[in-house]
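I opened the model to look up its folds, its contacts and its surface. My entries follow in the order in which I made them.

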Amino acid sequence: MFVPSQVLSHVTPEVMAHNLPPEVMSQVLQLSLAAGAMTPERILETLSPDLLAKHIPHAVLWECVVAAAEREGLTKGEKSGSEKSA
Amino acid sequence: MSSRDFLGTVIASGLELEMLQPEDVIKLVTMEVLAHHLPVELKTRLLTAALKSSDMTASLVLDTLGVEGIVEHAPAPLLWQLVAGGAQRALGKEEAATSSAAPKGVSSTLLPAGPRKPNISARVSRIRAGATSRPTASAPLQDDDDSAFDVDTRVGADQPSSDFEVLDEASAVVGDDITAHGKD
């Protein structure tokens, strides 16, 4: 349901810069510099779901979840398959 | 001008003249240092630029943050260390270039600071006295009329602490000896 680039469309550089502690930010930067490139996949290698949940504002993370649900067609206004058939 | 202004000027010039490389900067002003010291705006800028670019390199970091950004926020001791490192490398290259083409009478500014070693004077005295034997030579030196040409080999036998030191003092002696033997 999620791909790294979709997560980073919500957990933007500004969000990360504001919220990540220096130790975590340092790891993100060091890993990318060592690898020679910074990619969403590489960032999420460091920013595990635990770290995201710990440091990124939950409102941002919920937006990410809602966006994923919308992409999957699982939003409030749309009925699920079982509800439609009843 | 504050010390940071000075450091900024020196580092910027060093990068422009390629006496400093971006990698030299990032070796000292590491990602850890940047993560701890950069303000949010610069961290945002760096992350944005890194994600947009296909490569993340020291040059990208420097181009994004600018020398001013780094100099303003990085700890001063690191910046001084960066300048000192660049200076040492430059001096090392300069000495290497000079030593490979060292003529007689090399400038004493290349000599290490401090008093000359006493054994130099002793060797000079022997040369002046026209000594025929060397204290620790691998092969005895045949004395000839012109002991001026013995200078280098005599000097080499006593393991000089610095070639420049010996050449510099010996060159003065050679001049005297040539004059003296010319009169004989």
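**Entry 1: Glu18(B)**

I looked up Glu18(B) and found it exposed, at a relative accessible area of 60%. By the cut-offs I used, buried means under 20% relative accessible area, exposed over 50%, and partly exposed in between (1.4 Å probe, protein chains only). Glu18(B) sits in the loop between helix H1 (3-16) and H2 of chain B. Helices (H or I, at least four residues) and strands (E, at least two) are DSSP runs, numbered from the N terminus. I noted a positive phi of about 60 degrees at Glu18(B), although it is not a glycine. Most residues other than glycine have a negative phi.

**Entry 2: Ground rules**

This is a predicted model, in which local features need pLDDT of at least 70 and side-chain atom pairs count only at pLDDT 80 or more, while totals for chains, interfaces and linings use all residues. Residues are numbered from 1 along each chain as its sequence is written, chains are lettered from A and ligands numbered from 1 in the order in which they are written, and side-chain values use heavy atoms, with hydrogens and water left out.

**Entry 3: The two chains**

I listed the secondary structure of chain A as 7 helices and 0 strands. For chain B I listed 9 helices and 0 strands. Of the 86 residues in chain A, 34% count as buried. In chain B, buried residues are 37% of 184.

I then looked at contacts, meaning heavy atoms within 4.5 Å. In chain A, 66% of the contacts with a separation of 6 or more are between residues 24 or more positions apart. In chain B, 67% of contacts between residues at least 6 apart in sequence join residues at least 24 apart.

The accessible surface, from the Shrake-Rupley method with a 1.4 Å probe and, for residues, with only the protein chains shown as cover, is about 5100 Å² for chain A, and carbon and sulfur atoms hold 56% of that. Chain B exposes about 10600 Å², with 55% supplied by carbon and sulfur atoms.

**Entry 4: Where the chains meet**

How many residues of chain B are in contact with chain A? I found 18 residues of chain B in contact with 21 residues of chain A. The area buried between the chains is about 1600 Å², and carbon and sulfur atoms give 78% of it. Buried area is the accessible area (1.4 Å probe) that two parts lose on being put together, summed over both. On the chain B side, Leu47(B), Leu51(B) and Met56(B) lose the most area to chain A, together 39% of what that side buries. I counted 0 salt bridges between chain B and chain A.

**Entry 5: The salt bridge**

A salt bridge here is a side-chain nitrogen of Lys or Arg within 4 Å of a carboxyl oxygen of Asp or Glu. Arg89(B) and Asp24(B) form a salt bridge through their side chains, at 3.3 Å from N to O. This pair links distant parts of the chain, 65 residues apart, with Arg89(B) in helix H6 (residues 76-100) and Asp24(B) in helix H2 (residues 22-28) of chain B. Arg89(B) is partly exposed, at 38% relative accessibility, whereas Asp24(B) is buried, at 16%.

**Entry 6: The core**

A nonpolar core is a set of buried Ala, Val, Leu, Ile, Met, Phe, Trp, Tyr and Cys residues joined through side-chain atoms within 4.5 Å. The largest one has 49 residues, and Val11(A) and Ile11(B) have the most contacts inside it. Helix H5 (residues 58-73) of chain B gives the most to this core, with 8 residues. Leaving out residues up to four places away in sequence, Val11(A) touches Met16(A), Leu52(A), Ile56(A), Val60(A) and Leu61(A).

Thr46(A) lies in helix H4 (residues 40-46) of chain A. With a relative accessible area of 11%, Thr46(A) is buried. Beyond four places in sequence, its contacts include Val24(A), Gln27(A) and Leu51(A).

Ala68(A) is in helix H6 (residues 58-71) of chain A and is buried, at 1% relative accessibility. Ala68(A) touches Met1(A) and Phe2(A), not counting residues up to four places away in sequence. Ala68(A) and Gln6(A) are 62 residues apart in sequence, yet 8.3 Å apart in space, C-alpha to C-alpha.
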